[in-house]
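This briefing is intended to be read beside the sequence and the structure. Please keep both in view while working through the topics below.

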Amino acid sequence: MVKLTEGRGKELFRKYGVAVPKGVVAGSADDAARAVASGAVPLPCVIKAQVLAGGRGKGGAVRFASTPEEARAAAAAILGSSFQGETVREVLLEEKVAIARELYLSFALDRTARLPILMTSARGGVEIESVDDSEIERQTIDPFPGLVAYERRRAARSLGLTGPLVGELDRLLTGLYRLFDDEDAELVEVNPLAVVGDRLLALDAKVIIEDDAAFRHPEFAAVHDDRTPLEEIAREKEIAFVQLEGNIGVIANGAGLTMATLDVLKEFGGAPGIFLDLGGTDDPKKVTEAFLLMAQAKPKAVFLNIFGGVTRCDTVARGLVTALGSVAPSERFPLVARIRGNNEAEGIAILRAAGVTSVPDLKASAQAVVAAARGGP
Amino acid sequence: MTVLVDGETRVVVQGITGHQGTVHTRAMREFGTQVVAGVTPGKAGSAVEGVPVFDTVREAVAKTGANASCLFVPAPFAKDALIEAVDAGIRLSVLVTEHIPFHDMLVMYHYARARGTRIIGPNCPGIAAPGRSKVGIIPNVVFRPGRVGVISRSGTLTYEIVNGIKEHGLGQSTCIGLGGDPVVGTSFVDALPLFERDPETDLMVLVGEIGGTAEEDAAELIRTSFSKPVVAYIAGRSAPPGKRMGHAGAIISRGRGTAASKVAALERAGARVARFPYEVPEIVAELARTQARR
């Protein structure tokens, strides 16, 4: 998934006619000061770190300024700092608005209903997880007519809106649903949505774009996300790769088998931390690339657990042997292999010729890799 | 018909001239599936593995009586291909294709449902009834005819477990890989009633994963209206919570969706929940022995 920063999300909001406060994204303290001095951002203003993690207000990543100098100082203090592991590269400067009420709304996917869902709550501005179910209105939306007028009126009622604000919400929901649909979003969340006079303003924007729709949205390809550099390379090569805490690397095929492998390793006291899902491939080159990527993550030991279906065992074995040949001796790590399924015998023979033994039993192979990661036999 | 496929199932392969289409057409025929037609626009008149290729699903149905489709076309074209199959009167469509945007799947699912076509998948290995028919890509070698029904959200993990059932001397009635995407055509609760009615199935294996609430929904159905013994496994029990979706995702499921919640729900419903994949065939074998003694 591609998570957009608030600034990027608000650019999309504007594109779909959703009102946001006047604001400018700045990458330096000078730019920040200029944005205020030129009047592009009215004073007083708020300066917000453009990071993906939540809790910015409490974490010191949101500041206020009444003069260009204060704006410069606030931007200088935030830019380049680290917020929950993310380096702040940009700040969003926005006019401060007089908030009468804070509301919540989001469009997401209801997997059980297999429909988009609109959730609204009059209790905005707080973490929505802390709001009681009875205070959240949920409406699933049929994609064929799309979001219809009575659903928008029902949302307005749930938010306690009256008068001109009903029309404001109607336009806002129409725009946001179009955004959700046209931009292939997994999530469009506005929290808070502020009542300012007789207007509604989206004070925050959380937009997540679905990865699988990337072919329709080349414009999001360059978006910075919270991936590690190796995860970024993997993404380019279309390999599912996740780095977390732990020292055992796991190469498996299929998400379910990868997770099951992790469960078994943990049971035997291992600390799996680097996951690589080969998916279905019959290209030995892809296996080689995947294995070399794993090597760069410097695991203590690697467990290769493959059940061959589309991916044949001999393909995996060939790719693996090629990769082993190009890992420098100083960079090597213990490897435990378990390959089963299609062309199992050929795969095992290829591995054996390269000095790698395949252990057919999942329990035994998991125990072997845990021991190897501890430096044992 | 037992569960969705049998000897009467006549398959048209959509995207048959691609590499995967060709390879799996061969494997399906080796399994005993009646693969009667292929469709690739612009390739009419050719043949793949002896199977005639048509430009459109409508022609394939008219000329060969195809009633099921197996879809290998790339994700950007999958929506179009599925709608074509539905419009041609195909009753069952197995979507092997992965990475179909869920916004497309929403439309595909509701379009198909309104017209009486069942979708299995996407991003799924398909369905197989050993000795009868297979639509999809599950390796032939893991099967053996028997009386254990299998439904799973995983791919390779299913192969692993189905293979384990075979190695324990038992076999499968029907196995369905439902796919692990957020929007699937057939979920556990859609599939379970088919097995409840199936006289060939004595025992059910359910393989789930963390994420979503399909397993909790299944547990509710098992508790109220499923009479056969169920053995379950949930992958991802020890997966770290990071890399999660936004807040809205969390409040849709409200604390459900974790492995612990799924395991607890299934156990409350009377299912035997295995801690590890290799325990599933062991428990299945134990239950099968108990049933045999009755």
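In this predicted model, helix H3 of chain A covers residues 68–78, and its buried residues are A:Ala71, A:Arg72, A:Ala74, A:Ala75 and A:Ile78. Viewed down the axis of H3(A), these buried residues fall within an arc of 165°, so they line one face of the helix. An α-helix has 3.6 residues a turn, so residues three or four places apart point the same way.

- After H3(A) comes A:Gly80, which has a positive phi, near 85°.
- Helix H2(A) has buried residues as well, namely A:Ala32, A:Ala33, A:Ala35 and A:Val36. Seen down the axis of H2(A), they fall within an arc of 160°, so they line one face of the helix.
- The cover over the buried residues of H2(A) includes S2, S3, H3 and S7 of chain A.
- H2(A) is followed by A:Gly39, whose phi is positive, near 90°.

**Chain A as a whole**

- Chain A contains 11 helices and 18 strands.
- The C-alpha trace of chain A spans about 75 × 50 × 35 Å along its principal axes.
- Of the 377 residues in chain A, 48% are buried.
- For contacts in chain A between residues at least 6 apart in sequence, 68% join residues at least 24 apart.
- The domain assignment divides chain A into domain 1 (22–95), domain 2 (101–219) and domain 3 (229–373). A distance of 44 Å separates the C-alpha centres of domain 1 of chain A and domain 3 of chain A.

**A buried glutamate in chain A**

- A:Glu186 lies in strand S11 of chain A, which covers residues 185–196.
- Is A:Glu186 buried or exposed? A:Glu186 counts as buried because it has 26 C-beta neighbours inside 10 Å, where 20 or more are required.
- A:Glu238 is 52 residues from A:Glu186 along the chain, and the C-alpha atoms of the two are separated by 20 Å.

**Nonpolar cores**

- In soluble globular proteins, nonpolar side chains tend to be buried together.
- The largest nonpolar core in this model has 194 residues. Those with the most contacts inside this core are A:Ile251, A:Leu276, A:Val369, B:Val11, B:Leu71, B:Leu95 and B:Val205.
- Helix H5 of chain A (residues 164–182) gives the most to this core, with eight residues.
- Apart from neighbours within four places in sequence, A:Val369 is in contact with A:Ile248, A:Leu265, A:Gly270, A:Ala301, A:Phe303 and A:Val336.
- A second, separate core has 22 residues, including A:Ala26, A:Ala35, A:Val36 and A:Leu92.

**Chain B as a whole**

- Chain B has 10 helices and 14 strands. The radius of gyration of chain B is 19 Å, close to the 19 Å that the globule rule gives for 294 residues, so chain B is as compact as a globular protein of that length.
- Along its principal axes, the C-alpha trace of chain B spans about 55 × 50 × 30 Å.
- Buried residues make up 57% of the 294 residues of chain B.
- Among contacts in chain B with a separation of 6 or more, 73% are between residues 24 or more positions apart.

**The two domains of chain B**

- The domain assignment of chain B gives domain 1 (10–120) and domain 2 (138–293). Their C-alpha centres lie 27 Å apart.
- In chain B, 11 residues of domain 1 are in contact with eight residues of domain 2. Helix H1 (19–31), H4 and strand S7 (118–120) of chain B each supply at least two residues of the domain 1 side.
- H4(B) provides the largest share of that side, five residues. The domain 1 side consists of nine nonpolar, no polar and two charged residues.

Definitions and conventions: Residues are numbered from 1 along each chain as its sequence is written. Chains are lettered from A and ligands numbered from 1 in the order in which they are written. This is a predicted model: local features need pLDDT of at least 70, side-chain atom pairs count only at pLDDT 80 or more; totals for chains, interfaces and linings use all residues. Helices (H or I, at least four residues) and strands (E, at least two) are DSSP runs, numbered from the N terminus. The radius of gyration is taken over C-alpha atoms; the globule rule is 2.2 Å times the number of residues to the power 0.38. A residue is buried if 20 or more other C-beta atoms lie within 10 Å of its own, exposed if 12 or fewer, and partly exposed in between; C-beta atoms are placed from the backbone. Two residues are in contact if their C-beta atoms, placed from the backbone, lie within 7 Å. The arc is that of the directions from the helix axis to the C-beta atoms. A nonpolar core is a set of buried Ala, Val, Leu, Ile, Met, Phe, Trp, Tyr and Cys residues joined through C-beta atoms within 7 Å. Domain bounds come from an automatic or database domain assignment. Ala, Val, Leu, Ile, Met, Phe, Trp, Tyr, Cys and Pro count as nonpolar, Asp, Glu, Lys and Arg as charged, and the others, Gly among them, as polar.
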